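Below are my comments on the model you sent.

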Number of protein chains: 2
Amino acid sequence: MQHKSFGEMTCPIARTLDLVGEWWSILILRDCFAGIRRFDDFQASLGIGTNTLTRRLNALVEAGMLERHRYSERPPRHEYLLTRRGRDFRPVLLALLAFGNAELTPEGETVVIVDATTGRQADPVVVDRRSGLELMEPRFRLAPGPAAKGATRERLASGRNEMLRPRPGPAESGPAA
Amino acid sequence: MQHKSFGEMTCPIARTLDLVGEWWSILILRDCFAGIRRFDDFQASLGIGTNTLTRRLNALVEAGMLERHRYSERPPRHEYLLTRRGRDFRPVLLALLAFGNAELTPEGETVVIVDATTGRQADPVVVDRRSGLELMEPRFRLAPGPAAKGATRERLASGRNEMLRPRPGPAESGPAA
């Protein structure tokens with residue numbers, strides 16, 4: 001990373017960004033889900049330098065996202081497998097995929113999620129598992145957790161956080177992008 | 001960014017990462033949702049250098065995620081508001097939040113999502129809007145979209161992609177992290 005560590009920050013978003021290190025790490029995880037396991041295959045997929053790839057793979061192993069597994073003794077060769085924690089990163093990749101598809105594919109989508117039973121394209125949305133309600137519903141809000149410090153409690157109590165609000169009120173809305 | 005642009009890649013994940021530039025951009029967007037609009041307030045929240053913050057804000061405006069709005073003529077002062085596109089980045093932040101909460105808060109969570117009607121903590125999960133089914137169900141899979149090139153089609157046709165598979169089969173499972 002090019003900057004100071006976010007690891008000491010209490011924000012779970014900052015901590016996650018700290019863990020995955022930088023963009024290459026996220027693309028390596030994406031490739032792992034695509035079935036890639038070996039150094040040369042990551043390199044072919046990503047067009048990334050040997051040193052950078054080595055550093056990123058080591059960091060992901062250290063972060064508990066990947067596991068290094070020796071598949072050849074002579075010469076020594078390793079492959080990299082997703083751990084349980086690495087697999088739990090999936091929703092972040094799905095959210096990045098959905099955003100990219102919605103916003104950044106003027107020439108059409110290259111990868112979509114389909115329901116193989118119906119053949120219909122899926123429309124990913126984040127809901128509460130228990131109630132099935134979309135998290136953008138006004139009933140949901142961010143609240144301090146058990147480990148929240150005073151500053152976090154104050155910020156959240158101000159009621160200004162819009163992370164879970166569906167759209168801006170007219171007074172604060174700028175023109176659309 | 002420290003590396004070559006991902007913008008030419010067709011993958012929507014790579015394009016999204018290219019758009020948001022680097023970690024600071026995501027934390028700036030997080031702060032925007034928290035109600036922060038002004039340069040000094042971003043700086044106080046992030047502990048970031050003036051030049052870096054200026055560059056990141058300009059890049060987010062250029063990317064169509066933020067809009068610059070002048071609120072004082074003398075001296076000239078601007079605030080930064082989320083655009084429609086910026087607001088659509090919300091699911092990525094929610095996914096990062098959920099991952100951080102699940103994996104990286106050994107001392108307890110600092111920020112949680114609650115259903116204010118019931119007081120219960122929400123458990124975010126990604127479903128298909130139409131059917132309400134979790135995207136990890138076996139019926140969902142990644143498929144080539146209308147703009148997919150040959151290589152993408154081949155990769156997806158191989159059936160190796162595990163992005164939507166709930167857990168590894170025993171043969172490929174390593175020990176949990």
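**Notes on the chain contact and cavities**

1. Chain B puts 104 residues into the contact, and chain A puts in 104 residues; contact here means heavy atoms within 4.5 Å. This is a predicted model, in which local features need pLDDT of at least 70 and side-chain atom pairs count only at pLDDT 80 or more, while totals for chains, interfaces and linings use all residues. Residues are numbered from 1 along each chain as its sequence is written, chains are lettered from A and ligands numbered from 1 in the order in which they are written, and side-chain values use heavy atoms, with hydrogens and water left out.

2. Between chain B and chain A about 9,900 Å² is buried, 63% of it from carbon and sulfur atoms. Buried area is the accessible area (1.4 Å probe) that two parts lose on being put together, summed over both. On the chain B side, Trp23(B), Phe99(B) and Thr110(B) supply 8% of the area buried against chain A, more than any other three residues.

3. There are 14 salt bridges between chain B and chain A (a side-chain nitrogen of Lys or Arg within 4 Å of a carboxyl oxygen of Asp or Glu). A salt bridge joins the side chains of Arg87(A) and Glu162(B), at 3.0 Å from N to O.

4. The whole structure holds three cavities of 30 Å³ or more. A cavity is a set of points, on a 1 Å grid over the protein atoms alone, where a 1.4 Å probe fits but cannot get out; lining residues have an atom within 4 Å of a point. Grid points are joined across faces, edges and corners, and a volume is the space filled by probe spheres set on the points.

5. The largest cavity has a volume of about 90 Å³. Ten residues line the largest cavity, and Cys32(A), Arg37(A), Leu81(A), Arg87(A) and Glu162(B) are the closest to its centre. Strand S2 (residues 77-82) of chain A gives the most to this lining, three residues; strands are DSSP runs (E, at least two residues), numbered from the N terminus.

6. The second largest cavity has about 70 Å³ of space. Its lining has ten residues, with Glu162(A), Cys32(B), Arg37(B), Leu81(B) and Arg87(B) nearest the centre.

7. Val114(A) lies in strand S3 (residues 111-115) of chain A. Val114(A) is buried, at 17% relative accessible area (buried is under 20%, with a 1.4 Å probe and protein chains only). Leaving out residues up to four places away in sequence, Val114(A) touches residues including Gln121(A), Phe140(B) and Arg141(B).

Notes: 1 Å grid on protein atoms, 1.4 Å probe; cavity = no way out; pocket = protein on both sides within 12 Å on 5 of 7 lines; lining within 4 Å. Helix = DSSP H or I, 4+ residues; strand = E, 2+ residues; numbered from the N terminus. Buried < 20%, exposed > 50% of the residue type's maximum accessible area, 1.4 Å probe, protein only.
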